[in-house]
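The paragraphs below move from the whole chain to its parts.

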Amino acid sequence: MTRIIARLEQASKVYQSGDTEIIALQPTDLEIKAGELILVIGPSGSGKTTLLSLLGCVIYPTAGRVNINGTYTSTLNETELAKLRLQEIGFVFQSINLIAPLTSLENVLLPLQLANVKPAETKERAAAALAAVNMSDRQHFLPKELSGGQQQRVAIARALVANPELILCDEPTAALDAASAEVIMQELKQLARQNKAVAVVTHDKRLEPYADRILKVENGLVKQ
Ligand SMILES: Nc1ncnc2c1ncn2[C@@H]1O[C@H](COP(=O)(O)OP(=O)(O)OP(=O)(O)O)[C@@H](O)[C@H]1O
């Protein structure tokens, strides 16, 4: 039986802006399984980032429940939730967010240091994560010394170094040319093959051939 890594049960998100309620996401049922790469597409403002933020436990649902790898997030306090995020979820953002004064290796080390992994182990694991995205030869480079595609690969290494089950990406290829976008997608596909679940929000049509499943979001409504 395929493992379910993330599940939304009638999960919705409503934002309050002054007197107006904005329904960012209608009540949604969704299962994301180990081994699949999902694309999330839809117009601007349709609720894609909201969906990804719910899956990433960055925001709480207004109603309904979120289950990550068997745990309902509503049963956790802030500290436990932060720990779950660190252990189970890897994030890759469009804006990359590498820390400028830190080298590739130091950026990738961060999640392990935050998770209190033993120093003897951290370096080895960070180096292995960089090797997995073919960036071993750029370990000691600063972000500004790397191309956009290389920076994105370091961001992926950082997202996967703690060995999370769920990898969430918001427009990971937006700033990249066709060749770099293909490398990134091959790498995300590779992660899915290693029985992780990968969800990618994108406007980029070039990514569709890589998807096992495409979710369309329109006006806060998710269609499979
Ligand atoms: N913090 C917030 N407060 C109020 N409204 C919000 C907030 N975050 C998002 N929204 C609203 O929720 C709706 C969905 O936003 P969301 O960011 O999920 O869209 P999106 O599909 O990711 O858009 P884009 O493709 O432009 O990034 C929008 O109407 C937006 O204005």
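Predicted model: local features only at pLDDT ≥ 70, side-chain atom pairs only at ≥ 80, totals over all residues.

The chain contains 6 helices and 10 strands, and 39% of its 224 residues count as buried. A compact globule of 224 residues would have a radius of gyration near 17 Å, and because the chain has 17 Å, the two agree. Taken along the principal axes, the C-alpha atoms fill a box of roughly 50 × 45 × 40 Å.

We can begin with the sheet of 6 strands, which is open and has the order S6-S7-S8-S3-S9-S10, with mixed pairing. Strand S6 (89–93) and strand S10 (221–223) are the edge strands, since each of them pairs on one side only. On average, and with direction ignored, neighbouring strands of this sheet are turned by 20° against each other.

Within this sheet, strand S8 (197–201) deserves a careful look. S8 runs parallel to S7, to which 5 bridges join it, and S8 also runs parallel to S3, with 4 bridges between them. Leu-168 stands opposite Ala-199 in S8, while Leu-37 stands opposite Val-198 in S8. In a regular strand the side chains alternate between the two faces of the sheet. In S8, Ala-197, Ala-199 and Val-201 point one way, whereas Val-198 and Val-200 point the other way, and all are buried. Because 5 of the 5 residues of S8 are buried, the strand is largely enclosed by the rest of the structure.

At 1.5 Å a residue, the 13 residues of H5 should span 18 Å, and the end C-alpha atoms are 19 Å apart, which agrees. Since 10 of these 13 residues are buried, H5 is largely enclosed by the rest of the structure. The buried residues of H5 include Gln-151, Arg-153, Val-154, Ile-156 and Leu-160, and the buried residues of this helix pack against S6, helix H3 (104–114), helix H4 (119–132), S7 and H6.

That brings us to helix H6 (residues 178–193), which has 16 residues and reaches 22 Å from its first C-alpha to its last, close to the 22 Å expected at 1.5 Å a residue. Which residues of H6 are buried? They are Ala-181, Ile-184, Met-185, Leu-188, Leu-191 and Ala-192. Seen down the axis of H6, these buried residues fall within an arc of 110°, so they line one face of the helix. On the other side of H6, Ala-179, Gln-186 and Arg-193 are exposed. The buried residues of H6 pack against strand S3 (37–41), H5, strand S7 (166–170) and S8. Just after H6, Asn-195 takes a positive phi of about 75°.

There is also an open sheet of 4 strands, whose order is S2-S1-S4-S5 and whose pairing is antiparallel. The edge strands here are strand S2 (20–33) and strand S5 (71–72), each of which pairs on one side only. S4 and S5 run antiparallel and are joined by 2 bridges, and the bridge partner of Asn-67 in S5 is Tyr-72. Helix H1 packs on this sheet, where it touches strand S1 (4–17), S2 and S4, and the direction of H1 makes about 125° with that of S1.

Because Thr-62 has 17 C-beta neighbours inside 10 Å, it counts as partly exposed; a residue needs 20 or more to be buried and 12 or fewer to be exposed. Not counting residues up to four places away in sequence, Thr-62 touches Ser-12, Lys-13 and Val-14. The C-alpha atoms of Thr-62 and Gln-150, which are 88 residues apart along the chain, are separated by 38 Å.

Key
Residues numbered from 1 in each chain as written. Expected span 1.5 Å × (residues − 1). Arc of directions from axis to C-beta. Contact = placed C-beta atoms within 7 Å. Pairing = 2+ DSSP bridges. Axes fitted to C-alpha atoms, helices over the stretch in contact; angles between N-to-C directions. Rg over C-alpha atoms; globule rule 2.2 N^0.38 Å.
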